[in-house]
Each structure stands twice: as structure tokens, then as C-alpha cells.
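Please read the sequence and the 3D structure together before going on. The paragraphs below go from the chain as a whole to single residues.

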Amino acid sequence: YNRAMEACRSQTDPNEELLATLYNNIAGIYNNQGKHEEALKNNEESLKIRLKSTLKINPDVAMSYASMASTLHHMKRYEEAIQCAQTAVDIDKKALP
């Protein structure tokens with residue numbers, strides 16, 4: 001993932017959606033390793049890119065919120081996890097037919 005991220009960033013016009021997906025996937029790896037603070041940083045970066053580069057009502061944005069909810073749950077930050085999960089559900093309800 002890190003090599004892919006470097007390659008993506010080195011382009012003159014980087015693919016923002018690919019970068020967001022890479023950050024999201026790296027967050028999942030950090031969660032599996034128990035490195036939840038690192039996972040959260042990557043979740044936040046993924047969400048920031050997606051909110052900047054696409055519509056706020058988009059399934060990819062919902063996926064970023066859902067991933068962040070999972071990370072926050074691992075960190076026992078349950079209230080924040082619930083808020084992120086609910087945001088993901090709300091976005092999906094609006095974005096998907």
C-alpha cells in the first residue's frame with residue numbers, strides 16, 4: 001500500500017479517490033495490528049480527501065465514516081463510534097436507491 005501511495009502521490013494529477021481508498025485500507029491493516037491511533041489518522045485522512053473531492057452524500061464517504069466507526073470502537077470511544085456509524089447509515093440511505 002505504501003508503494004502504491006507513493007506512486008499515486010508522485011503523479012502530477014494524483015487520483016484522489018485512489019489515495020482515499022489506500023488510506024482507508026491502511027487503516028484496516030493498522031486496526032488488525034492493534035495500532036488504533038495510526039488507524040484513526042489514516043481514517044481521518046481518507047475522509048478528508050473524500051469530503052474534499054466528491055459529494056458529501058456518496059457511498060465512498062459513508063465507507064470512510066464506517067471504517068472510522070470501527071476504529072473508534074476498537075479504541076473504546078463508543079459514543080464517537082456510534083456517531084460515525086450513524087452518519088454512514090444516513091449517507092447510504094440518501095445516496096443509494
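Helices (H or I, at least four residues) and strands (E, at least two) are DSSP runs, numbered from the N terminus. This is a predicted model, in which local features need pLDDT of at least 70 and side-chain atom pairs count only at pLDDT 80 or more, while totals for chains, interfaces and linings use all residues. Residues are numbered from 1 along each chain as its sequence is written, and side-chain values use heavy atoms, with hydrogens and water left out.

The protein chain has 5 helices and 0 strands, so from the N terminus on its elements run α-α-α-α-α. Of its 97 residues, 34% are buried; buried means under 20% relative accessible area, exposed over 50%, and partly exposed in between, with a 1.4 Å probe and protein chains only. Contact means heavy atoms within 4.5 Å. Among the contacts in the chain with a separation of 6 or more, 49% are between residues 24 or more positions apart.

Helix α2 has 17 residues and reaches 25 Å from its first C-alpha to its last, close to the 24 Å expected at 1.5 Å a residue. The expected span is 1.5 Å times one less than the number of residues. The buried residues of α2 are Leu 19, Ala 20, Leu 22, Tyr 23, Asn 24, Ile 26, Ala 27 and Asn 31. An α-helix has 3.6 residues a turn, so residues three or four places apart point the same way. Just after α2, Gly 34 takes a positive phi of about 80 degrees.

Which residues does Tyr 30 touch, not counting those up to four places away in sequence? They are Lys 35, His 36, Glu 38, Ala 39 and Asn 42. Tyr 30 is found in helix α2 and counts as partly exposed, at 23% relative accessibility. Tyr 30 and Thr 71 are 41 residues apart in sequence, and their C-alpha atoms are 9.3 Å apart in space. Asn 31, also in helix α2, is buried, with a relative accessible area of 10%. With residues up to four places away in sequence left out, Asn 31 touches His 36, Ala 39, Thr 71 and His 74.

Helix α3 (residues 36-53) has 18 residues, which should span 26 Å at 1.5 Å a residue; its end C-alpha atoms are 25 Å apart, which agrees. Residues buried in α3 include His 36, Ala 39, Asn 42 and Arg 50. What covers the buried residues of α3 includes α2 and α4.

Helix α2 (residues 16-32) and helix α4 (residues 59-74) pack at an angle of about 20 degrees, with their axes 11 Å apart. Axes are lines fitted to C-alpha atoms, for helices over the stretch in contact, and angles run from 0 to 180 degrees between N-to-C directions. The two helices α2 and α4 are therefore roughly parallel to each other, the term for angles under 35 degrees. From α2, the contact is made by Glu 17, Asn 24 and Asn 31, and from α4 by Asp 60, Met 63, Ser 64, Ser 67, Thr 71 and His 74.

Lys 76 lies in the loop between α4 and α5 (78-95). Most residues other than glycine have a negative phi. Lys 76 has a positive phi of about 65 degrees although it is not a glycine. Lys 76 is exposed, with a relative accessible area of 61%.

Technical notes. Parallel < 35°, antiparallel > 145°, perpendicular 65-115°, else oblique.
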